[in-house]
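I opened a new notebook page for this one.

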Amino acid sequence: MSVGRTVLLKISDNQWLRANGTRVPFIRRAVSKFMPGESFDDMIGAAKATAAEGISAVFTRLGENVKDLAEADAVATHYLEGIDRIRDLKLDCQPSIKLTQLGLDINRELAYGHLRDLAARCHAAGNYLWIDMEQSPYVDVTLTLTKRLREEFPHIGVCLQAYLFRTREDLEDITSRGIGVRLVKGAYNEPAMVAFPKKSDVDANYFALAQIMLGPAARAAGSRPVFGTHDLTLIQSIRTHAQTTGVKPADYEIHMLYGIQKAAQLRLAQDGTLVRVLIAYGDYWFPWYMRRLAERPANVWFVAKSLFG
Ligand SMILES: Cc1cc2nc3c(=O)[nH]c(=O)nc-3n(C[C@H](O)[C@H](O)[C@H](O)COP(=O)(O)OP(=O)(O)OC[C@H]3O[C@@H](n4cnc5c(N)ncnc54)[C@H](O)[C@@H]3O)c2cc1C
């Protein structure tokens, strides 16, 4: 892992900056590249615009490691109301949540109760619920709660991270249960004990895992294959693999983040690939934004440019 990436990921964990970084005007200006705004309506405006371009959406209200009961309840209420509004607007826009935002650090059953409410509301609205993956100590509990949820609700999916050594085994288990998988490379600062330190190994593992997701066992179990990446070489390899093994473009999806690789998103959609864009909003964006900077240290130039207006 590069020094720049490590430093940015360490900054993302700093408690003081998490609380105060969003007040710095030039950082606020720079984040607008990745976020249409802080409100739910800003997100809806962006989702309508991308829908007009043939790209559906996933939405997430930024927040993590909530330590206050009332705040976790408020987050759940926000999502419940959001799912209703999206149903009324008839938008193809799916929620994606972090368990620590629903109170996992306070109490596991509290978080599960909120998660279940959201899955039930999505089910009633004909929507789909995505569960994000956080740092490695949360992987076991996230997968346990996802599997429990799947016993009641069919339309759910979870994010798995290709940088973790354990993911192959997790992927086989999760896909065999018909749970959807959004495969990503992984965004956190993980120790070499649990994750591949070299990017080339992460990329190779991603492609190997993608092949399992598109393979006969996962498909027969009804697992929805989603590739959350902006890596155009990898996307091309996945598309070629799908084509040569007879998997139709309608049977898998590419998800990217709002504001990243926009031209490629449009090209893929025009080419018949199912593309969704994940739109993040909310006022707790500092750690999330630092992870976006870490993914492409050249992004730091955007921040520097915003400093000068
Ligand atoms: C839809 C979606 C959901 C995600 N959910 C999670 C999650 O739940 N848990 C988790 O750990 N991670 C999540 N991630 C983040 C993911 O783990 C990676 O950190 C991120 O996608 C960057 O990796 P990459 O696959 O795009 O490949 P990379 O090899 O990092 O990037 C490929 C190319 O894409 C471009 N690019 C990538 N990132 C950026 C950026 N920030 N700004 C500008 N250009 C960029 C660059 O040109 C780069 O060369 C998610 C990503 C996506 C797209």
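**Entry 1: α8 against α9.** I looked up which residues touch here. T167, R168, L171, E172 and T175 in α8 meet L209, I212 and M213 in α9. By class, this contact of α8 with α9 has four nonpolar, two polar and two charged residues. I count Ala, Val, Leu, Ile, Met, Phe, Trp, Tyr, Cys and Pro as nonpolar, Asp, Glu, Lys and Arg as charged, and the others, Gly among them, as polar. Contact means C-beta atoms, placed from the backbone, within 7 Å. Helices are DSSP runs (H or I, at least four residues), strands are E runs of at least two, and both are numbered from the N terminus.

A note on the source: this is a predicted model, where local features need pLDDT of at least 70 and side-chain atom pairs count only at pLDDT 80 or more, while totals for chains, interfaces and linings use all residues. Residues are numbered from 1 along each chain as its sequence is written.

Next I took the geometry. Helix α8 covers residues 167-176, and its axis lies 10 Å from that of α9 at an angle of about 15°. Axes are lines fitted to C-alpha atoms, for helices over the stretch in contact, and angles run from 0 to 180 degrees between N-to-C directions. The two helices are therefore roughly parallel; that term covers angles under 35 degrees.

**Entry 2: α9 against α11.** I moved to the next pair. Helix α9 (residues 199-213) and helix α11 (residues 232-244) have axes that come within 10 Å and cross at roughly 25°. That makes α9 roughly parallel to α11. I then listed the contact: D203, Y206, F207, A210 and Q211 in α9 meet L234, S237, I238 and H241 in α11. Those residues divide into five nonpolar, three polar and one charged.

**Entry 3: Y252.** Is Y252 buried or exposed? Y252 is buried, because 20 other C-beta atoms lie within 10 Å. The cut-offs are 20 or more for buried, 12 or fewer for exposed, and partly exposed in between. I found Y252 in the loop between α11 and β7 (253-257). Beyond its neighbours within four places in sequence, Y252 is in contact with L214, P225, F227, A242 and V247. V226 is 26 residues from Y252 in sequence, yet 5.8 Å away in space, C-alpha to C-alpha.

**Entry 4: the core.** The largest nonpolar core has 77 residues. Such a core is a set of buried Ala, Val, Leu, Ile, Met, Phe, Trp, Tyr and Cys residues joined through C-beta atoms within 7 Å. L102, V181, L183 and I279 have the most contacts inside it. I followed I279. Leaving aside neighbours within four places in sequence, I279 is in contact with P36, M43, A46, A47, A57, F59 and Y258.

Methods. Contact = placed C-beta atoms within 7 Å. Parallel < 35°, antiparallel > 145°, perpendicular 65-115°, else oblique.
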